[in-house]
Amino acid sequence: MTISTTLLMLMAMAYLWYLVGRARSVSVVGGRSKASELHSLPAYYGSLCAVWCALPAVIVLLLWKVIDDPLLLKWVLAAMPEPYHSLTGNERELLINDLTNLTAGHSNSSNPVLLAAAHHWQELRELSREWLTAAVITIGAIGGAVSLWRIQKNLRARPEIERLINVALILCSMVAIVTTVGIILSVLLEALNFFSKISPLAFMFGTHWSPQASATDDVFGAVPLFAGTLLIALIAMVIAVPVGLMAAIYLSEYASRRVRSIVKPILELLAGIPTVVYGFFAALTIGPLLRSVAESMGVSMASESALAAGLVMGIMIIPFISSISDDMINAVPQSLRDGSLALGATRSETISRVILRAALPGIAGGILLGVSRAIGETMIVVMAAGLNANMTVNPLQAVTTVTVQIVTLLVGDQEFNSPKTLAAFALGLVLFVVTLLLNIMALVIVRKYREQYD
Amino acid sequence: MINTPDQTAQKVAASLKKRYAKEQRFKLYGLLAVAFGLGFVVFLFSTIIGNSLSAFHQSEINLSVTYSAELLDPDNTHDRAVLEDADYRALVKQSLQALFPEVTERASVRKLVGLVSERAESQLRERLLAHPELLGHSERVWFMADGRVDSYLKGDIDLSLPSDERGFDDEEVGFVKSLQQKHLTRRVFNANFFTTGDSRQPEEAGVLGAVRGSLLTLLVTLVLAFPMGVGAAVYLEEFAPRNRLTDLIEVNINNLAAVPSIVFGLLGLAVFIQMFGLPRSSPLVGGLVLSLMTLPTIIIASRAALKAVPPSIRQAALGIGASPVQTVTHHVLPLALPGMLTGAIIGMSRALGESAPLLMIGMVAFVADMPQQLSSPATVLPVQVYLWASSPEHAFVAKTSAAILVLLGFLLVMNLAAVIFRNRFESRW
């Protein structure tokens, strides 16, 4: 009996209880014509039965799923003879791995003890599943029956259902908090684990990064990664800010309505393109193109360069900057514009001396958000920036970034708890904190600005 | 010194030319910025479409194959199992040697056989198993050409390079040329690309496996994120009291929307895989991670949709005695639903294009099989693009571009759906 069939059975039963509960509420007051004597509509009594049938049963099912595998495994291991019985640490992990593979049918073993244990485990699992189904069905039946027995003329079914709905809605909105806490805890715990092995000072201020080599303090110096990340983000912003800002100014102040309605969606297309497409484009088209241009000018250039990655990343951020600037420019009151023009200023003078100054805090907030994006962007740099941790400000050379290293350290086979894997979480922590600070700064700036004109 | 009105007028007149020139320059900068953006869009799409064209066609080679009984079933058992295990490569070798009797050297023979895709073996096996009566007879069969032959025939191999550096040497070029002269090659529509999963051989690789992986992942994302997002939005917009807790929730939602996606991947790895022991590389974990990532988008869009429902609707419902929950479920939600669905589609299209967090949870594994279940290993379209883009074979460049087109096609359909949805069902008040 699989979980999904059990769930299906439970759902069918809940529906049945719904019908029974609804009919019962009508018969309690003596027929449809007197249904108005009930406190709530009959459907609420039905729903009450269905909810109390399904809810406890589903909770039991989830709890069972959480505890059953470790528990069964403990029993299986306990039933095994020496020396398997008293293994600890890594050997125990290996044994568990073997058993998992055996029960899943991925491997063959001639060891009779292992085979017997795997068989035992399989049996216990079957048994567990059967008991689970029985338990769930019983709980569902009891829940429904109790609710049915509670149905009376004055039972306040609707408020009860509404309270449950309210609780469910609160739980839904708590997911955001749980996610944030989950991110902080998971990244922080692993990072602390890392810092217990590698000194945080060596990590934050060391200048040598080559975690593939060994696992000592001096290969986890993350400064080259921070430098590379900042270099690429800088190149991206040098492209994105002027282009995005000027495009927004042109479209909102100069372009005719028709041009605006055609050009704006096309520019916004750039925001909808998946980053992996930009990465492919940077690595296969822009990179070689820049390289041949550089070589024709007699400059040597790495095939994976900060410039190619930064350039394409800048293009990715253009629509982001331009749409925020557009909002901010449009939020500047028309009276400021009219006043400046009436004094005889040209349009460009009005824009640069009045509108941009008024919109500056908002645009600055948008730029900060753009920087936070550039720092957190992964696919473009993974595909176009390179892996070597160079400390350089030369955009023609290959640099690596925080996100590239997170991907490199975590993709592929890996053992948890090695400093190499944990280093990725430490980098993730830095990334999370930095982007969080940038976002908060941007929000504060934008909020302050908004208060001025609303 | 105070200027007389005349002097001022002169000064202004003198500076006017400069100021107008500056105005023109400023306007030109704006125009250039827009042109740069538009030019890049055109450049990007034309490059990708141009690169992808060749992936939709596939070269084939025609050979006369003899289903020789000595090679396939030497003991004359007529047993299906023997035919299933037989060496069909030998058949291909035999027919190619018949075409090129002068080729005898081992290395040359290997090159000759290498012209035909490895797919030929399974193609012949299926054909013979379906028609066992063919054993001992011969027929002409079109075989898929190897990826390098395909690249050569499409002109993608730079023949100016030295013979041994281009991965396709002069001898192989000679074989293909002689095949061409005998009209034994052709180019057909590459249906295979849309019907198979990934493969190490560029000519055999297709996107269907990745498309299915994406669909399964998005299914999980939608099922989890949409109800949760709508629930959260309804609570925050309709029921939540203004207090510290709701402020905290709002700050959290805004922050999550700006957290780099790769951090969600770290969360998925640490929590779903390490802590809960869910299967790596599975659409289930991928969908969980993406649903947490798209949740803020859906919540923000749903709240905007709820805000757009005029308060008079709520007041009217409350006025005739509906409870707050009834007001929301019977009146506000149905009116806000189109806006919420539009938001959900946009969130889903973001999730469809996302790859960084999925790299973290192991969806980059090479998966040749079609994913059947939520827990079986799978990959998704953008990750497939990433995997092919990192392959050295030249033929994968075209495949990558074609996969990008498929991905962009899905995104286009989803966004169009969102626009149509909004225009059709969203009421303006």
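Student: Between which two helices of chain B does the loop that holds B:D79 lie?
Tutor: The model is a predicted one, and in its coordinates B:D79 counts as exposed, because 11 C-beta neighbours lie inside 10 Å and the limit for that class is 12 or fewer. As for its place in the chain, B:D79 belongs to the loop that runs between α2 (69-72) and α3 (80-85).

Student: How far apart in space are B:D79 and B:Q58?
Tutor: Along the sequence, B:D79 and B:Q58 are 21 residues apart. Taken from C-alpha to C-alpha, the separation in space of B:D79 and B:Q58 is 35 Å.

Student: What confidence does the predictor give the complex, expressed as ipTM?
Tutor: For the separate chains, the mean pLDDT of chain A is 86, with 94% of its residues at 70 or more, and the mean pLDDT of chain B is 86, with 99% of its residues at 70 or more. For the complex, the predictor gives a pTM of 0.87 and an ipTM of 0.87.

Student: Which element of chain A has the lowest mean pLDDT?
Tutor: Among the elements of chain A, the highest mean pLDDT, 93, goes to helix α7 (residues 223-254). Where pLDDT is low, predicted coordinates should not be read in detail. The lowest mean pLDDT among these elements, 73, is that of helix α3 (residues 89-104) of chain A.

Student: Which helix of chain B gives the largest share of the side that touches chain A?
Tutor: The two chains meet through 63 residues of chain B, which are in contact with 65 residues of chain A. On the chain B side, 18 residues, the largest share, come from helix α1 (residues 5-52) of chain B.

Student: How many residues on the side of chain B that touches chain A are nonpolar?
Tutor: Sorted by class, the side of chain B that touches chain A includes 13 polar and 4 charged residues. The nonpolar residues on that side of chain B number 46.

Student: What distance separates the centres of domain 1 and domain 2 of chain A?
Tutor: Chain A is divided into domain 1, residues 3-155, and domain 2, residues 217-453. Chain B is likewise divided, into domain 1 (58-188) and domain 2 (208-425), with 47 Å between their centres. For chain A, the centres of the two domains, taken over C-alpha atoms, are separated by 50 Å.

Student: Where in α12(A) does the kink of about 60 degrees lie?
Tutor: A straight helix of 30 residues would span 44 Å at 1.5 Å a residue, whereas helix α12 (residues 347-376) of chain A spans only 37 Å between its end C-alpha atoms. The kink of about 60 degrees in this helix comes shortly before the proline A:P361, at A:L360.

Student: Is A:A282 buried or exposed?
Tutor: A:A282 sits in helix α9 (residues 275-296) of chain A, and its contacts beyond four places in sequence include A:A308, A:V312, A:I380 and A:M383. Since 28 C-beta neighbours lie inside 10 Å and the class begins at 20 or more, A:A282 counts as buried.

Student: What is the distance between the C-alpha atoms of A:V146 and A:W52?
Tutor: A:V146 has its place in helix α4 (residues 112-150) of chain A, and with 13 other C-beta atoms within 10 Å it is partly exposed. A:W52 is 94 residues away from A:V146 along the chain, and the C-alpha atoms of the two are separated by 8.4 Å.

Student: Near what value is phi of B:S281?
Tutor: B:S281 is found in the loop between α12 (261-275) and α13 (283-308) of chain B, where B:S281 is buried, with 22 other C-beta atoms within 10 Å. Phi of B:S281 is positive in a residue other than glycine, with a value near 60 degrees.

Terms used
Residues are numbered from 1 along each chain as its sequence is written. Chains are lettered from A and ligands numbered from 1 in the order in which they are written. This is a predicted model: local features need pLDDT of at least 70, side-chain atom pairs count only at pLDDT 80 or more; totals for chains, interfaces and linings use all residues. Domain bounds come from an automatic or database domain assignment. pLDDT is the predictor's confidence in each residue, from 0 to 100. Helices (H or I, at least four residues) and strands (E, at least two) are DSSP runs, numbered from the N terminus. Two residues are in contact if their C-beta atoms, placed from the backbone, lie within 7 Å. Ala, Val, Leu, Ile, Met, Phe, Trp, Tyr, Cys and Pro count as nonpolar, Asp, Glu, Lys and Arg as charged, and the others, Gly among them, as polar. The expected span of a helix is 1.5 Å times one less than its number of residues. The bend at a residue is the angle between axes fitted to the seven residues ending there and the seven starting there.
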